[in-house]
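Colleague: I would like to learn how to read a protein model one feature at a time. Could we go through some examples together?

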Amino acid sequence: MFINVAVKAQNLFNNYHQSNDEATKSAALANPLFSWHATYFNTNHKKNLVFLNDATTLAVILYNVNAKNKRDIKERFETQLKTVWLSLGLSEKSYAEYLATSNEWQINKTINRSSMGSLTLLCREVAEPLANTRTEGDLSKRLTNYLKRQGKNYINASDTVAIIKASQPFNIKQGAKKASHDNKGALKEIFNKLQQMSQLSFDTLSLEQTDQAIQKIQDQNNQLLDLFLSDIQQDYSDKTIRRYKNNLQFYLNEWAAYRLSTIANLENASINELLYHGSSETEVKNIKAALKQLLRYLKRNGVINDDQYEDYLVFMEEDSALMDEFGSDDDFYNEDDDDFFTSFDPLISDTNKDLPTIFDAKTDQLLDDYLASFASLYGLVPVHHALQIIQAQNPQLTIDEEKFQQYIEDRVGEYELRYVVLDLNKMADEINLDAVFEDDLFIVYPTLLSDSIRLVQLYNHQLGLQYYVPDKAELLRYKYDDYFDIYNLREQLDELFITHYELSGSSMVGAAFICIFCMKLGMYDAQNLSSMNDAIDRAIQMLNNTVNLNITRNNDNEALIKLLLLIGTDIRRPWNRGWSSREILDVPGIAGLFSNDYPVLSSDAISAIKQGKIDRRELIYYIEDSDLPINKINQLRKQIEEL
C-alpha cells in the first residue's frame, strides 16, 4: 500500500519503509485504489491523523497520534478501515483480499495535488469540526460519506462501492516505466549532438549552411523534448505539460537555435534578454520554470552533473538588475522607450479567458477581482481566509465551498493572472527551502516570488496580525496595481520629480511608481528607522538604475528622502496585512485579544472575526497552543466556528 504523506506529518511515519523514488510514485499513480494521502490537524494539542484514498471516498481518522504510539498507526488504520469497509456493505472476505494484495506500506511524499486538496478540504470541513465528538470508527464512516471531487466530477460512497467491486479480483499494476530509463542512451546521444552543434559559428558558415545548422538543432531539440515530456507525463496535468512544451519550444527552437545555441551551451541565448524583445516578465519566468524542469531531467539521468546543473541555475539568474531587485510586472525598462510606463494599464483585467466558468461569468469575475485585491493588499493570504472575507462582504451570494475550491484549483500554476495560487509547502520542497507554511493553497502577489527568503519572512511576520478589511468598494480598488490610497503624497512626489529632477511623461510616472512600490513592498517595522532606511536605499538604487538619475543621501535630495519616509509611514503594506505603519501600532494582534485571567471573546473580537479581520483558523491555532484549560479551549473553538 502506498501512503503519500504531507511534509509536516512525515516524522510520524519514520518507522515504516520509506520509498520516496520515481518507481514508487509511478506505481502509486498506477494503483490509486491502493494509494492514500495522509496529513494531520491539531485539537487540544494532539495530532489527529487523516487518510484519504486516491481512487474513492474511503477515509480513516486516528486520534492522538504521537511519538509514543506511532508504531501502531498501521494496525489502527487497518482496524478502522475494516469498520468503514463493512459499513459500506462490502464483505469481510473482500477486505482481507484487499489487505493481502496491498502488501507492506511504502511511505512517499504527496504525489497528487488534487488528492491532497481533497484531503485538506475534508479535514477542514468535516474532520476538524467533528473531532473527538465521535469515535474513530464513526467519524471515519462520516468522512467516507463526504462528497469528493475526482477530476471534473464528484463521487460519493455509492461510487466507492462500485469502484471497489469493479476492481475485483484485486491486483497491483506495474507502474509506467519512465521514458528516461529506456532511452538514456538516446538521450545522451542527442545531448552530445547538441553539444557539437553549439560549437558552430556564424563566421565560418554560409547562409545556406546556417539555415541547415538551425534546422538540425531544432530537430534534435524536438527529439529531446519528446523524451522529456514523455518522462513527466504522469507527474503533471495536461495543461502544465502543454505549457512546458510551448515555452521550451519557443526558447530552444525560436530563440536559442537562431543564435546557434543549444541546451548544451546557452551562453549566447540569455533568457532575460527576451525582455528587450517583447516578452513580459511573466513569460520569462515561465520559460525559466520549464527549463529548470528540463535540466532536472537531464541531471536525474546522468546527462549533466551537479556542478553543471548549478552553473545553469546561475546562468538563469544573470542579467536584469531591475528584474532581480524589483520584479516589475511588465516589460523591461528602456530609458529611450516612452511607451514603457504608459504601456502598463492597470485597468485591463488579466483574467485568463481559457479558464472554465465555475459559478457564472459575473461571479467568477468578482472572485478574480477579490483575489487580485488580496494579493496586492496582503501579499499572501490562505485560500480559506480569502473565502471568509468574500463571504462576509457578499452575504447575498451563495458560494458553494466545493465549487470555490474547484475555482481555486483551476488557477494553480496560472502565471498570467494578477496573482498566483500556490502550495507554498510544495514550493519549499521543490527549492529546498527550510520553511513550513500552513497546509493550504495561498493567493500570492507575483512580485514576492522573486525572493523566497523574503516571502518566508513576510509569512512569519504576518502571523498573529489582524487583516485590514475596508468596505467592499474600497477593498476592490486594490485590484489595480497603481492604487495606493496616498493621494496627497503621490501628488507631492510627482511634483518633486517634475520640478527638482526635471522628469516628465512616462519617466516621471515610472520614477514615482518605483518609489511607492518599493515602500509598499518593503519589509520594515513601524518603529524601526534603520529597516525603513534600507527600503529607501533600495528605492534610490532602482531610480538610479532605471531612470538614469544620480541620487545620493545628501542635502540636495533631502526633500525626496523625507517624502519617502512619509510614504513609508502612511502606505498600506503587505508586511502589516494591509495596515499602514502608522495604523498598525494601534491594532491589537491576536495575542492582545485574550487574557488568561478572563479568556472570552470580546464584542470587538467577534466583530473582527465576522468582518474577516481575524483568520478563524489562525485564532483557533493560537488558542489551542495557549495554556488555557481544555474545556475553555473547546468552548472558545466552538464559539469561533459558529461565527
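Predicted model: local features only at pLDDT ≥ 70, side-chain atom pairs only at ≥ 80, totals over all residues.

Colleague: In what sense do S8 and S10 pair, and over how many bridges?

Modeller: The general idea is that strands of a sheet pair through backbone hydrogen bonds, either parallel or antiparallel. Here S8 and S10, the latter covering residues 441-444, pair in the antiparallel sense over 3 bridges.

Colleague: In what order do the strands of this open sheet come?

Modeller: The order is S8-S10-S9, so to read it you go through 3 strands with antiparallel pairing. S8 (380-382) and S9 (420-423) are the edge strands, each pairing on one side only. On average, neighbouring strands of this sheet are turned by 30° against each other, direction ignored.

Colleague: Which helix lies across S8 and S10?

Modeller: That is H16, residues 383-393, and it runs at about 85° to S8.

Colleague: Which residues of H19 are buried?

Modeller: A general point comes before the case. An α-helix has 3.6 residues a turn, so residues three or four places apart point the same way. In H19 (residues 452-462), the buried residues are Leu 455, Val 456, Leu 458, Tyr 459 and Gln 462. Because they cover an arc of only 160° around the axis, they lie on the same side of H19.

Colleague: What covers the buried residues of H19?

Modeller: The cover includes the helices H15 (361-378), H18 (424-430) and H27 (616-624), together with the strands S8 and S10.

Colleague: At what angle do H9 and H11 pack?

Modeller: H9 (residues 207-232) and H11 (residues 281-300) pack at about 90°, and their axes are 11 Å apart. An angle of 65 to 115 degrees counts as roughly perpendicular, and H9 and H11 are therefore roughly perpendicular to each other.

Colleague: Which residues of H9 and H11 meet?

Modeller: From H9 come Leu 224, Leu 225, Leu 227, Phe 228 and Asp 231; from H11 come Gln 293, Leu 294, Tyr 297, Leu 298 and Arg 300. The residues of this contact divide into 7 nonpolar, 1 polar and 2 charged.

Colleague: Which residues is Ala 257 in contact with, leaving aside its neighbours within four places in sequence?

Modeller: Those contacts are Ile 214, Ile 217, Gln 218 and Leu 252.

Note on methods:
Residues numbered from 1 in each chain as written. Heavy atoms only, no water. Axes fitted to C-alpha atoms, helices over the stretch in contact; angles between N-to-C directions. Helix = DSSP H or I, 4+ residues; strand = E, 2+ residues; numbered from the N terminus. Parallel < 35°, antiparallel > 145°, perpendicular 65-115°, else oblique. Contact = heavy atoms within 4.5 Å. Nonpolar A, V, L, I, M, F, W, Y, C, P; charged D, E, K, R; others polar. Pairing = 2+ DSSP bridges. Buried < 20%, exposed > 50% of the residue type's maximum accessible area, 1.4 Å probe, protein only. Arc of directions from axis to C-beta.
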